[in-house]
Amino acid sequence: MGKLRAAITAVGGYVPEYRLTNKELEGLVDTNDEWIRSRTGIEERRILKDPTKASAFMGIEAAKIILDKKGLDPLDIDMVICATATPDMLFPATACLISDAIGAKNAFGYDVMAACSGFLYATVTASKFIESGSHKKILVVGSDKMSSIVDYSDRATCIIFGDGAGAVLLEPNEEGNGVQDSILKSDGSGAEFLFQRAGGSLNPASHATVDARQHVVYQEGKTVFKQAVSSMADVSSKILERNDMSGEDVQWLAAHQANKRIIDATADRMGLPAEKVMMNIQKYGNTTNGTIPLLLWEYQDQLKKGDNLILAAFGGGFTWGAAYVKWAY
Ligand code: UT7
């Protein structure tokens, strides 16, 4: 019997219909289409306009695609992890709302909060439950309604973020496919460069925090950019090195979509040509926890069983990491 690995066996995704274009942003803040395209690679992002719907809704939609595609009985799912920076509520966990809505009554679930690295953290965490043999069908969801915490008068952040969700099903694999290796890192000294000031226990919601617009994303872009480039490239090249691989052995890079220049720099360090780099930032912007599963969802028809994928992320915290995954179908 081969080593038990956690393989991705199905992917789902959801993006809302409304397209927020660079042109429309030109009417909100002092920016322009040319600047946004050349500095970030983003052309438009999706926005969930319905105020009654949030991250759980998008995660549910992504999960339903997996249930349909696999003909899966939701009662067979034994764990649901939701990575989100924009939970529907601080508690209960968005994972509980998703489990309830899809009928995963036998699953336990919780949220992972690691900003833009959350989906990667959650996938690696879930893979350990599979590898231990304790769990057999784990749904990992990455979902964010970033428009609920973006200040549309702040040009440093509103041009970047969009709404969306993706999900993967992890199952045991004894053929050698699935998660092979991972490196996860965090450094809380980066907290002050990318964070939401109020709404937690330190600065609970009050008239003053609302008046001071403290319930939105604050980002010192330049500092985050520099850290993202070096950290994501570092872990991605390290994971190749310690698995005796070079860029030639990798079929695909699925990197967090925060800025096309960061993704290009990571691919360069790994020696990967553009055709091996999954990209959808132009359509969706930075959907935080949605980016990586949305990439897998959109590229899955091009993936072959046994393909070597590197998943990589960087986000607030700072948090970052990379995982080496062999595609299983
Ligand atoms: O997903 C989590 C992790 N997040 C990230 O990885 C994001 C990392 N950061 C970034 O992607 C980039 O820093 C931004 C896209 C946020 C900003 O790009 P930048 O190339 O770092 O711009 P900058 O802040 O250095 O500003 C360059 C110039 C400045 O003008 P001057 O001083 O050179 O005249 C800014 O005032 O661009 C100006 N600028 C803008 N112009 C038009 C800044 N934002 C804008 C804007 N539209 N939205």
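Q: Alanine 265: buried, partly exposed or exposed?
A: In this predicted model, alanine 265 counts as partly exposed because its relative accessibility is 22%, and the cut-off for buried is under 20%.

Q: Which helix is alanine 265 in?
A: Alanine 265 is found in helix H8, which covers residues 260–270.

Q: And how far is alanine 265 from threonine 123, C-alpha to C-alpha?
A: The two C-alpha atoms are separated by 24 Å. Along the chain, alanine 265 and threonine 123 are 142 residues apart.

Q: Different topic. How is the chain divided into domains?
A: Domain 1 runs over 5–176 and domain 2 over 180–326. Their C-alpha centres lie 14 Å apart.

Q: How many residues are in contact between domain 1 and domain 2?
A: On the domain 1 side there are 53, and they are in contact with 46 residues of domain 2.

Q: What area is buried between the two domains?
A: About 3800 Å², with carbon and sulfur atoms giving 59% of that area.

Q: Which three residues of domain 1 supply more of its buried area than any other three?
A: Cys116, Leu120 and Tyr121. Together they supply 17% of the area that domain 1 buries against domain 2.

Q: What about salt bridges and polar contacts across that interface, how many?
A: The rule finds 2 salt bridges between domain 1 and domain 2. Residue pairs in polar contact come to 21, with both residues at pLDDT 80 or more.

Q: Which elements of domain 1 touch domain 2?
A: Those supplying at least two residues each are strands S1 (5–14), S3 (44–47), S6 (138–145) and S7 (163–173), along with helices H2 (33–40), H3 (55–70) and H5 (118–131). By class, that side of domain 1 has 25 nonpolar, 16 polar and 12 charged residues.

Q: Staying with H5, is serine 127 buried or exposed?
A: Serine 127, which lies in helix H5, counts as buried because its relative accessibility is 0%.

Q: What is serine 127 in contact with, leaving aside neighbours within four places in sequence?
A: Ala6, Leu170 and Val179.

Q: Back to charges. How many salt bridges does the rule count?
A: The count comes to 17. One of the pairs is aspartate 30 with arginine 155, where the closest N and O atoms are 3.8 Å apart.

Q: Where do aspartate 30 and arginine 155 sit?
A: Aspartate 30 is in the loop between helix H1 (22–26) and H2, while arginine 155 is in the loop between S6 and S7. The pair links distant parts of the chain, 125 residues apart. Aspartate 30 and arginine 155 are both exposed.

Q: Which residues are linked in a network of salt bridges?
A: Asp33, Arg37 and Glu43. Within it, the side chains of arginine 37 and glutamate 43 meet at 3.5 Å, N to O.

Q: What does arginine 213 form a salt bridge with?
A: Aspartate 151, with the closest N and O atoms 3.1 Å apart. Arginine 213 sits in the loop between helix H6 (207–211) and strand S10 (217–219), and at 51% relative accessibility it counts as exposed.

Q: What is phi of arginine 213?
A: Near 50°, a positive value in a residue other than glycine. Alanine 115 also has a positive phi, about 50°, and is placed in the loop between strand S5 (108–112) and H5.

Q: Which peptide bonds are cis?
A: The bond from phenylalanine 91 to proline 92 is cis, with omega near 0°. The bond from glycine 317 to phenylalanine 318 is cis too, with omega near -5°.

Q: Where are proline 92 and phenylalanine 318?
A: Proline 92 is in the loop between strand S4 (79–83) and helix H4 (94–102). Phenylalanine 318 is in the loop between strands S12 (308–315) and S13 (319–326).

Q: Last one: what polar contact joins lysine 137 to glutamate 171?
A: A side-chain contact of 2.4 Å. Lysine 137 is in the loop between H5 and S6, and the residues in contact with it include Leu72, Asp76 and Met79.

Technical notes
Residues are numbered from 1 along each chain as its sequence is written. This is a predicted model: local features need pLDDT of at least 70, side-chain atom pairs count only at pLDDT 80 or more; totals for chains, interfaces and linings use all residues. Side-chain values use heavy atoms; hydrogens and water are left out. Domain bounds come from an automatic or database domain assignment. Contact means heavy atoms within 4.5 Å. Buried area is the accessible area (1.4 Å probe) that two parts lose on being put together, summed over both. A salt bridge is a side-chain nitrogen of Lys or Arg within 4 Å of a carboxyl oxygen of Asp or Glu. A polar contact is a pair of N or O atoms within 3.5 Å; within protein, one must be able to donate a hydrogen and the other to accept it, and residues adjacent in sequence count only if both atoms are side-chain atoms. Helices (H or I, at least four residues) and strands (E, at least two) are DSSP runs, numbered from the N terminus. Ala, Val, Leu, Ile, Met, Phe, Trp, Tyr, Cys and Pro count as nonpolar, Asp, Glu, Lys and Arg as charged, and the others, Gly among them, as polar. Buried means under 20% relative accessible area, exposed over 50%, partly exposed in between (1.4 Å probe, protein chains only).
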